[in-house]
Amino acid sequence: MTAKLIKGTEIREEILEEIEKEVKQIKEKHGVVPGLVTILVGENPASISYVTLKIKTATRLGFKEIQDNQPEDVSEEALLALIDKYNNDDSINGILVQLPLPKQIDEKKILNAIDPDKDVDGFHPVNVGRLMIGGAEVKFPPCTPAGIQEMIIRAGVETSGAETVVVGRSNIVGKPIANMMLQKAEGANSTVTVVHTRTKDMESHCKRADILIVAAGVPGLVKPEWIKPGACVIDVGVNRVGEKISEKTGKKIAILRGDVDFDAAKEIAGWITPVPGGVGPMTITMLMKNTLKSLKFKLGIA
Ligand code: NAP
């Protein structure tokens, strides 16, 4: 293997330790801790496991953590009233509504009702706009793109002047990470190209990339021969391609693959993220960082 492995599991630990330290300092000096409320509607198993992990991480960091779970048939009106309650709760710095929401609820309406200063997921149009403007305007970069950028920075990859190619243009990964990488800022200053299903000759764009960020959700989409030797390859894709029995628990677990053919790509790239254990662990970590930031903004110490 020639590529250096960028392990999200290790970077997560580094960042969580930094957050934990800061939480203790703020508690000592200001007598407050970050407050996060998680709102889970219904009993979708994947959502339950995401929320459980978020709660566990927040608790480990010493945050105030409220779980406000709602039944599957909750009305939109009741959910909006709940958001309003937490918008006005001084002890809460971050409001997280776990997606997807049931059919009777307009997801956009719910996300837009969250106070932009407590929108730690960074999905509110005000925060999308702040991200676009860049610099000091940015409050809460969305968690997965923020995690990607943090991994690139901590791996020591040169981004300034680099050709960065993003595969995918979704609102939660592709568009925001493309925007972040082109900002006049540390860990950015790249020349950015975004490719998608209508792109002609995707291969030629990928081949130019010093930094290749792939978020398509198609296993093995990026072929090894599309990778420039020495490039930094960030594989965001998480695709279930089968099931196996876990050696640890003896239970059935999903076999996950990324959007890049890892085994072949690691012989060509300079850096690469594995799946699982790459970008995945970074998302919740950055959610915690945003919640801490929200408290720091409030205290005027950000
Ligand atoms: P999405 O909303 O489905 O968007 C996928 C994007 O990829 C679209 O812009 C689509 O293009 C493009 N695309 C799909 N197939 C393509 C192809 N054959 N050639 C070129 N472009 C193609 O997905 P997403 O939410 O961004 O997620 C992408 C992947 O990242 C998924 O596997 C998801 O599970 C994973 N993910 C991981 C994390 C994490 O690890 N924490 C977080 C979020 C997402 P069009 O716009 O033209 O349709």
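Q: How does the shell around the ligand divide into nonpolar, polar and charged residues?
A: Nine are nonpolar, 10 are polar and one is charged. Keep in mind that this is a predicted model.

Q: Which residues are closest to the ligand?
A: Arg169, Ser170, Thr197, Val238 and Thr283. They belong to a set of 20 residues surrounding the ligand.

Q: What does Thr283 do there, in terms of distance?
A: An N or O atom in the Thr283 side chain is 2.7 Å from a nitrogen atom of the ligand.

Q: And which backbone atoms sit by a ligand oxygen?
A: A polar backbone atom of Val238 is 3.0 Å from an oxygen atom of the ligand. For Val236, a polar backbone atom is 3.4 Å from a ligand oxygen.

Q: How much of the ligand does the protein bury?
A: The protein buries 69% of the 920 Å² that the ligand exposes when taken alone.

Q: Switching to the largest nonpolar core. Which members touch the most others?
A: Ile19, Ile148, Ile213, Ile234 and Met288, out of 43 residues.

Q: Which element gives the most to that core?
A: Helix α10, with seven residues. Among the others supplying at least two each are α1 (8-30) and β8 (232-235).

Q: What does Ile19 contact, beyond its neighbours within four places in sequence?
A: Leu61, Phe63, Thr285, Met288, Lys289 and Leu292.

Q: What other core lies apart from it?
A: One of 18 residues, including Val222 and Trp226.

Q: Last one: is Lys56 buried or exposed?
A: Lys56 counts as exposed because its relative accessible area is 58%, and the cut-off is over 50%. Lys56 is found in helix α2.

Technical notes: Residues are numbered from 1 along each chain as its sequence is written. This is a predicted model: local features need pLDDT of at least 70, side-chain atom pairs count only at pLDDT 80 or more; totals for chains, interfaces and linings use all residues. Side-chain values use heavy atoms; hydrogens and water are left out. A residue is near a molecule or strand if one of its heavy atoms lies within 4 Å of it. A polar contact is a pair of N or O atoms within 3.5 Å; within protein, one must be able to donate a hydrogen and the other to accept it, and residues adjacent in sequence count only if both atoms are side-chain atoms. Accessible areas come from the Shrake-Rupley method with a 1.4 Å probe; for residues, only the protein chains shown count as cover. Ala, Val, Leu, Ile, Met, Phe, Trp, Tyr, Cys and Pro count as nonpolar, Asp, Glu, Lys and Arg as charged, and the others, Gly among them, as polar. Helices (H or I, at least four residues) and strands (E, at least two) are DSSP runs, numbered from the N terminus. Buried means under 20% relative accessible area, exposed over 50%, partly exposed in between (1.4 Å probe, protein chains only). A nonpolar core is a set of buried Ala, Val, Leu, Ile, Met, Phe, Trp, Tyr and Cys residues joined through side-chain atoms within 4.5 Å. Contact means heavy atoms within 4.5 Å.
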